[in-house]
Amino acid sequence: MNSTIYQLISFLLAYPNQQMKETLPEIREEVEDISNEDVAENLRKFIQKVEDMSLDEWVTYYIDNFDFGRVTNLYVTYLKLGEQRERGLELLKLKKYYEAHGFEVTDKELPDYLPLLLEFCARVPIETSNELLEMHGKTIAEIQKKLREQHNFYYLLFDALFNQMEAHGLHIAAEDAV
């Protein structure tokens, strides 16, 4: 179920579109097969929120929170490094990490984009996904913390992610946030 959960969270964290909106009933069915009730409940609540919105409302909400939020954008090296030159080196290392594990990265998205990172985690053994998530866990926890402070319902996806990480033996506390 490792791959399914990370894949679902990755999908739901991506930029909303009509296909995503139409796929929500199928995703809801997938969620019912998740044995970790904490993960499943967070995903159910998130799906309910976006099902109650029009696609335009969902897109606007997403843009307002992730495209314009410096501390809530989904690029895990940005919060720590911003536009500094070191970020380019981090992005290159991340791309090489993916490639070393047989994961092809296109130039369509930067390698530190959280949905892409989670897609990678869905395709590799737990040990490898834990290693990568641990490397970026503090930043992901910081995004989660900021979303909670802003009463942004996307925190539900981050809660599901941290529940899944914990189920895999990876413990990153909110206090560890950047």
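Q: Is His-151 buried or exposed in this predicted model?
A: In this predicted model, His-151 lies in the loop between helix 8 and helix 9. Its phi is near 55°, a positive value in a residue other than glycine. The cut-off for an exposed residue is over 50% relative accessible area. At 71% relative accessibility, His-151 therefore counts as exposed.

Q: How far apart are the end C-alpha atoms of helix 9, and what span should its 13 residues have?
A: At 1.5 Å a residue, the expected span is taken over one less than the number of residues. The 13 residues of helix 9 should therefore span 18 Å. The computed separation agrees with this expectation, the end C-alpha atoms being apart by 18 Å.

Q: Which residues of helix 9 are buried?
A: Buried means under 20% relative accessible area. The buried residues of helix 9 are Leu-156, Leu-157, Phe-158, Asp-159, Ala-160, Leu-161, Phe-162, Gln-164 and Met-165.

Q: Which residues does Leu-43 touch, not counting residues up to four places away in sequence?
A: Leu-43 has its place in helix 3. Because its relative accessible area is 0%, Leu-43 is buried. Its C-alpha atom is separated by 16 Å from that of Trp-58, 15 residues apart along the chain. The residues that Leu-43 touches are Leu-8, Ile-9, Leu-12, Val-31, Ile-34, Leu-157 and Ala-160.

Q: Which side chain makes a polar contact with the side chain of Arg-44?
A: Arg-44 lies in helix 3 and, at 17% relative accessibility, counts as buried. Leaving aside neighbours within four places in sequence, Arg-44 is in contact with Arg-28, Val-31, Glu-32 and Glu-37. The polar contact of the Arg-44 side chain, at 3.3 Å, is with the side chain of Glu-32.

Q: Which residue caps the N-terminal end of helix 3?
A: The 15 residues of helix 3 should span 21 Å at 1.5 Å a residue, and its end C-alpha atoms are 20 Å apart, which agrees. At the N-terminal end, a side-chain oxygen of the capping residue lies 3.1 Å from the backbone nitrogen of Asp-38. The capping residue is Asn-36.

Q: Which residues does Ile-140 touch, not counting residues up to four places away in sequence?
A: Ile-140 is found in helix 8, and at 0% relative accessibility it counts as buried. Ile-140 and Thr-77 are 63 residues apart in sequence, yet their C-alpha atoms are 9.7 Å apart in space. The residues touched by Ile-140 are Val-76, Leu-114, Leu-133, Phe-158, Leu-161 and Phe-162.

Q: What is the radius of gyration of the protein chain?
A: The protein chain has nine helices and zero strands, and its C-alpha trace spans about 40 × 35 × 35 Å along the principal axes. Of the contacts with a separation of 6 or more, 65% are between residues 24 or more positions apart. With 178 residues, a compact globule would have a radius of gyration near 16 Å. The value for the protein chain agrees with this: 15 Å.

Key
Residues numbered from 1 in each chain as written. Predicted model: local features only at pLDDT ≥ 70, side-chain atom pairs only at ≥ 80, totals over all residues. Heavy atoms only, no water. Helix = DSSP H or I, 4+ residues; strand = E, 2+ residues; numbered from the N terminus. Buried < 20%, exposed > 50% of the residue type's maximum accessible area, 1.4 Å probe, protein only. Rg over C-alpha atoms; globule rule 2.2 N^0.38 Å. Contact = heavy atoms within 4.5 Å. Polar contact = N/O pair within 3.5 Å; in protein donor to acceptor, adjacent residues only side chain to side chain.
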